[in-house]
Amino acid sequence: MPDILESKNLQQLIEVLSADGYRVVAPTVRDNAIIYDEIATVADLPKGWTDKQDGGNYRLEKRKDDAFFGYNVGPHSWKKFLHPPVTRLFRAKLEGNGFQVVPEVEETPDFAFFGVRSCELHAIAIHDRVLIDEQFVDPVYQARREKIFTVAVNCGQAGGTCFCVSMNTGPKASFGYDIVLTEVLDGERHYFTVETGSEKGAEVMSKIPLRKAEAEESETAEKIVAETVLQMGRYLDTTGIRDLLIRNYDHPRWDEVASRCLTCANCTMVCPTCFCSTVEDVTDLKGHAAERWRKWDSCFTLDFSYIHGGNVRSSAKSRYRQWMTHKLSAWIDQFETSGCVGCGRCITWCPTGIDITEEVRAIRETEVSD
Amino acid sequence: MKRKPKLAVWKFASCDGCQLSLLACEDELLAVAGQIDIAYFPEASRATVKGKYDLSLVEGSITTPHDVERIQGIRRVSKHLVTIGACATAGGIQALRNFKDVGEFTRIVYARPEYISTLDKSAPISEHVKVDFELHGCPINKHQLLEVISAFMSARKPNIPSHSVCVECKLKGTVCVMAAHGAPCLGPVTRAGCGAICPKFLRGCYGCFGPMETPNTESLSTQWKVLGATDAEIQRTYRGFNACAEAFKKEGLRYDDKETD
Ligand code: SF4
Ligand code: SF4
Ligand code: SF4
Ligand code: SF4
């Protein structure tokens, strides 16, 4: 049986995490959206807000209740903390006839992620696989990742572009958290069911006022999450998807989507599993000092596939196809998992509302088999 | 000690804003002056040193027969020629005249139009001479200018992206004004460089840095219409500082026959 945390005591959880030295980062309202940033108190959470999402469209709306987590994922993802958009890798100084490398000494912050959704736990697991478990470890990611404290939240509703059920990634958190909450608003009552997923989590829970849940409270929480399953805004049929996309390399739909695609790269930037980056070396005017910077990159830019003599993927068609085929098909060969967790961000934040689930459907339905 | 490379800064039809970006570098300008012999820069110093110049920065567009001769001379005395700003790279705001009859303007505006010697087009420098690198923006970004000069000093390729403004929004964590506010934004078809300033201030991008590498203006316009923009508004948006940059010109012209209101 889970424990119960009364909503009025949520602040204490934040305080305990802060006292333990964590920088608490959580959803918060900024510029008409719910983004992730550092918070000080529960008052910084998007209490009473929700989001309406559709292709190329995101709107904040007031809720009729005071839910703290009554919305879904926004334009940011936790990757901005674990795999920073811009980071300096090292500096170098001219010395005699050579140069000396000055390694980067970064104080890696201890983050407590507060309000992580199930699809996002899956996205982080994918990054673990790619950036830690493979042959080459990314030290920037690893250093940050090791210290994270994760407070997950089971989704009490699904958004207009969510499809975690199709991808088997939600809406109920099943791993990868220290604590998981389910928010319950039941008439006058407002509480969270709490379960721990690690020793670290249990330790934190021991410092906040909890009581054992009644059977009825725990059932209400389960029911809420079960209802979320039925609310998915999008659906993606993943049957044989790896082969489907490989077979349809020449499908005319790629031309059609390319006519709408702006090659603006928004989809890759918002995607919680896209990890590509570019490296830039800069020198000062004197040529005495140099720096190496890493920045998020995207398979939608021309530079991304620039090799001696030109671009490998010069057409929009080849770039969109690369992105979608990698995400849903080649990723499976490469990392033994889909690269998509069904969070819907690429759909909501595509300025022209290109919808990955719709593109798969179109190809599936109009496939010419020979 | 190696000879310091000689730098020249030239001006054609322009507002001087891009040259001012160099002056606005302040502290960095001293560093530039330490490494480079600023041999010709009338905006900053009266002292002039004769060519050849190792690096010429050219601001402004070509609008008169005299400009044509002058830019050819500058090319001859410049080992490397870099154009800076929307005027030099795309013809600037004054290229709006390219869509109309200049003779008619001249007759309306000047008492003695016969004294006016002008071309019927405002043209980018690259239409007249070979250009080694184009730095876009209206005005250019001073950090990008320093990057171009630093890269030149180290004989390396400058780190100047040609992807969309959207990438800059996302690197900064700026919320997309198009998706979250329904504000028409030119960012998806515009070259990065400004640091996505307008979306940061909850406005759509105006396209100051000109078309990005592979602009799909037609698709963006379709979305603008969904957001309620009229044909006339779309045309006006593309008829800005970069009106004659190829992709923006083409998109603007698509609405020419529809110009009713
Ligand atoms: S995709 Fe699923 S887990 Fe993710 S926010 Fe939507 S409902 Fe929650
Ligand atoms: S591809 Fe789209 S839906 Fe899938 S994880 Fe990335 S952003 Fe989310
Ligand atoms: S799919 Fe959408 S977000 Fe992605 S590059 Fe194309 S237009 Fe931009
Ligand atoms: S605000 Fe404009 S530039 Fe920024 S991501 Fe949105 S469409 Fe692109």
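Reader: Let's start with the open sheet of four strands in chain A. What is the order of its strands?

Author: The order is β7-β6-β14-β13 in chain A, and the pairing is antiparallel. Strands are DSSP runs of E with at least two residues, helices are runs of H or I with at least four, and both are numbered from the N terminus. Two strands pair if DSSP finds at least two bridges between them. One caution: this is a predicted model, where local features need pLDDT of at least 70, side-chain atom pairs count only at pLDDT 80 or more, and totals for chains, interfaces and linings use all residues. Residues are numbered from 1 along each chain as its sequence is written, chains are lettered from A and ligands numbered from 1 in the order in which they are written, and side-chain values use heavy atoms, with hydrogens and water left out.

Reader: Which strands are at the edges?

Author: β7 (98-103) and β13 of chain A, each of which pairs on one side only.

Reader: By how many degrees are neighbouring strands turned?

Author: The average is 25 degrees, direction ignored. The axes are lines fitted to C-alpha atoms, for helices over the stretch in contact, and angles run from 0 to 180 degrees between N-to-C directions.

Reader: How many bridges join β6 to β14 in chain A?

Author: Seven, between antiparallel strands, with β6 covering residues 86-95. In one of them, Ala92(A) has Ala290(A) of β14(A) as its partner.

Reader: New topic. How many cavities are there?

Author: The structure holds seven of 30 Å³ or more. On a 1 Å grid over the protein atoms alone, a cavity is a set of points where a 1.4 Å probe fits but cannot get out; a pocket is an open set with protein on both sides within 12 Å along at least five of seven lines; lining residues have an atom within 4 Å of a point. Points are joined across faces, edges and corners, and a volume is the space filled by probe spheres set on them.

Reader: Which ligand sits in the largest cavity?

Author: Ligand 3 does. To sit there, a molecule needs more than half of its atoms within 2 Å of the grid points. Ligand 3 has 13 residues around it, and Cys261(A), Leu262(A), Cys264(A), Cys267(A) and Cys350(A) come nearest. Around a ligand, a residue is near if one of its heavy atoms lies within 4 Å.

Reader: What classes are in the shell around ligand 3?

Author: It has 10 nonpolar, three polar and no charged residues. Ala, Val, Leu, Ile, Met, Phe, Trp, Tyr, Cys and Pro count as nonpolar, Asp, Glu, Lys and Arg as charged, and the others, Gly among them, as polar.

Reader: And where does ligand 4 lie?

Author: Ligand 4 lies between chains A and B.

Reader: Okay, pockets. What is the volume of the largest pocket?

Author: About 1400 Å³. The largest pocket is lined by 47 residues, and Glu280(A), Lys295(A), Asn159(B), Ile160(B) and Pro161(B) lie nearest its centre. Its lining has 18 nonpolar, 14 polar and 15 charged residues. Two strands from our sheet, β13 and β14 of chain A, are among the elements that give two or more residues to the lining.
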